[in-house]
Number of protein chains: 2
Amino acid sequence: MSALPKFVGLRLADGRSDTAVVLLGAGVVGGALLRLLSAGGHDVRLVGLANSTRQCVDPTGLDFDAAPALLAQAEVGRSDDALLAALDASGAARRVVVDATASAETASRHADWLSRGYAVVTANKIAAAASADAWRGLRAASARGAFYGDAATVGAGLPVLATLRRLHACGDALVALEGVFSGSLSWLFNRYDGTRPFSSLLREARAWGYTEPDPRVDLCGADVARKLVILARAAGHAIDVDDVAVEGLVPASLRDVDVETFLARAGELDVIIAERHAAALAEGYCLRHLATFDANGRAHVGLVAVGADHPAARLSGADNLFALTTQRYRARPLVIQGPGAGADVTAQALLGDLLALAPARFAAL
Amino acid sequence: MSALPKFVGLRLADGRSDTAVVLLGAGVVGGALLRLLSAGGHDVRLVGLANSTRQCVDPTGLDFDAAPALLAQAEVGRSDDALLAALDASGAARRVVVDATASAETASRHADWLSRGYAVVTANKIAAAASADAWRGLRAASARGAFYGDAATVGAGLPVLATLRRLHACGDALVALEGVFSGSLSWLFNRYDGTRPFSSLLREARAWGYTEPDPRVDLCGADVARKLVILARAAGHAIDVDDVAVEGLVPASLRDVDVETFLARAGELDVIIAERHAAALAEGYCLRHLATFDANGRAHVGLVAVGADHPAARLSGADNLFALTTQRYRARPLVIQGPGAGADVTAQALLGDLLALAPARFAAL
């Protein structure tokens, strides 16, 4: 047994072979991507790095390790034009904007970048889940030829989007899509068995970093609804977030208070969840936070009581689950399961999309 | 909600946009592929169809539905040169040989086709699992640029090979690979609980078509070992079938008899399996037919007693299971599960590889 080389760069006819990248977002995910890139084994050059207030550029390539410190020392000031100019000046075969932010404003520019010929690779799911009109603009720009890499937007790179697109391209119609799309909600309901108050588990999940600093962002289900929209669209169904019936877990009385107040009063959730749990248990079921979509366009996100033979009943940890039932996977679904959050796997999903820009090499034996 | 178009052909600069295909093998899988192609939604043209004794060619394109009857009426005689000439005469942008046979002789020609610039898309796993020397020739031919589509060789298109290659390309080292890679052996051990003789289940599996006509082909584990080799190679480990410790399920006394005799004497397996089952059960375990590979190169195929929390313990039907533990999926594996055999999904895996030849369109939103 011997190790095989990991990656061979694709060289274009004119001798250019590399990929120039501008990275937007130098936080947890952006930082993890820089560490992956620093390990080598690819042909990616970083020509710009930016956060919401600063940026640094170098068309010849920034050092992956030194770039964050350089960014921190840069003068305050942001200019997309200067970043895109660095891509143009790089002379690279491929020019890519990587969006590792969670900014709606940044997402609103994806379509423009695509239409100007830049590839976009994103962990930011706002554009791909945007309203139908905005999304059609994105899709039209992508259809004109620029690559839109969104593997990181759902399941942190678990291979569900690529699989749905492959099945759809093969004419295998989606019958139903079901799963647990949130690591934090997976963990909470995999652990909850009625013996410990839900609010206590919620505080533990927050302390572990499984939830957002404001856990209502997780509990409201909006992020899961966005993922469901992205998945349904990949399967050929042009649904909108407004088409998803979202059953949020935050009672009205806790929706408009500040985070500290919410955390102090999170115990108000306990009775609600305990009653749902007891009702499920009485039927021999367990509670799971499920997203479901069927070919008639029905889309739902919320708590569902499932039987012991349901794949979600056997989830552990903070695993995500995606069960795809199609015309050809009808008797039994195609199931993809595993960690669907975390900086390292999210950054790896971004890197995978960057490498997929040289598809001939990527698909090789 | 509205339906989206399934596929947009990639047009090359010179106006050519289609894919010309020669299909070798007009049996169950080849026939299913022709039915998928007949449904349309792609830019594939069939310019040749062959079985082991006959062939028909038409560079302008054979009718997908009529081709099998045309083949049956053709004169006896086979010539690869004539088939490849039809690809050349087609004027198509992409020229592909699709191998839907199980022939070692056909597999031995994959490397030559690749080196002459034809793409190869295959359900035949013999070349990809061949001895290290032969495989290096295949890999070298593929590395020079021609596409080798092998999604159908493992799991009938479950997205495990593409996922392993993606993780490997991203530098995510494989720690362990484990799973149930055979639909027939999955079904047999998912069903076996000691109440009914193993040989009775085996006869039922054969009657359903889950096993080969000679079930020893399944029971010996050689096909699973080949899949393990293909998977390990996709993860960057150049192992050989000879490196796999295969624990076959056919006792020496039944290895050299004819099929009828084997079926008549299959009851000799019952005590062996019953004892293994009872020993596992005494520990609270269940028996599963597992393939395992670890980063130290240890490769094993055979019966393993697994605990109730093992993912294979919860399999049903004839599902395949692939659990990938890597440096970045270390605490919990990335799991892919579902039907891993059957003509329709195998044919769909071939079609997916054919469509992936136009990757820019395939990867688009």
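How many residues does the contact take from chain A and from chain B? The contact, meaning heavy atoms within 4.5 Å, takes 67 residues from chain A and 66 residues from chain B. This is a predicted model, in which local features need pLDDT of at least 70 and side-chain atom pairs count only at pLDDT 80 or more, while totals for chains, interfaces and linings use all residues. Residues are numbered from 1 along each chain as its sequence is written, chains are lettered from A and ligands numbered from 1 in the order in which they are written, and side-chain values use heavy atoms, with hydrogens and water left out.

**Interface between chain A and chain B**

- About 5,800 Å² is buried between chain A and chain B, and carbon and sulfur atoms give 58% of this area. Buried area is the accessible area (1.4 Å probe) that two parts lose on being put together, summed over both.
- Four salt bridges are found across the interface of chain A and chain B; a salt bridge is a side-chain nitrogen of Lys or Arg within 4 Å of a carboxyl oxygen of Asp or Glu.
- One salt bridge joins the side chains of Arg332(A) and Asp319(B), at 3.0 Å from N to O.
- Between chain A and chain B, 12 residue pairs are in polar contact, with both residues at pLDDT 80 or more. A polar contact is a pair of N or O atoms within 3.5 Å; within protein, one must be able to donate a hydrogen and the other to accept it, and residues adjacent in sequence count only if both atoms are side-chain atoms.
- On the side of chain A that touches chain B, the elements giving two or more residues are helices H6 (132-143), H7 (160-169), H14 (343-356) and H15 (359-362) and strand S12 (334-339) of chain A. Helices (H or I, at least four residues) and strands (E, at least two) are DSSP runs, numbered from the N terminus.
- H14(A) gives the most to this side, with eight residues.

**Symmetry**

- Chain A superposes on chain B by a rotation of 180° with 0.0 Å of shift along its axis (RMSD 0.0 Å). The two copies are thus related as by a two-fold rotation axis. The superposition is by least squares on the C-alpha atoms of residues with pLDDT of at least 70 in both copies.
- Ile336(A) comes closest to the rotation axis among the residues of chain A, at 2.3 Å (C-alpha).
- The copies meet through the same surface, because 99% of the interface residues of chain A are also interface residues in chain B.

**Strand pairing across the interface**

- S12(A) pairs with strand S12 (residues 334-339) of chain B in the antiparallel sense, over three bridges. Two strands pair if DSSP finds at least two bridges between them.
- Ile336(A) has Ile336(B) as its bridge partner in S12(B).

**Sheets within the chains**

- In chain A, an open sheet of six strands with mixed pairing has the order S3-S2-S1-S4-S5-S6. Strands S3 (55-57) and S6 (148-149) of chain A stand at the edges, each with a single partner strand, so one side of each is left without a neighbour in the sheet.
- Strands S1 (residues 19-24) and S4 (residues 94-99) of chain A run parallel and are joined by six bridges, with Thr19(A) opposite Arg94(A).
- In chain B, strand S9 (residues 286-294) pairs with S10(B) in the antiparallel sense over eight bridges. S9(B) and S10(B) form a hairpin with four residues between them, and Gly297(B) in the turn has a positive phi of about 90°.
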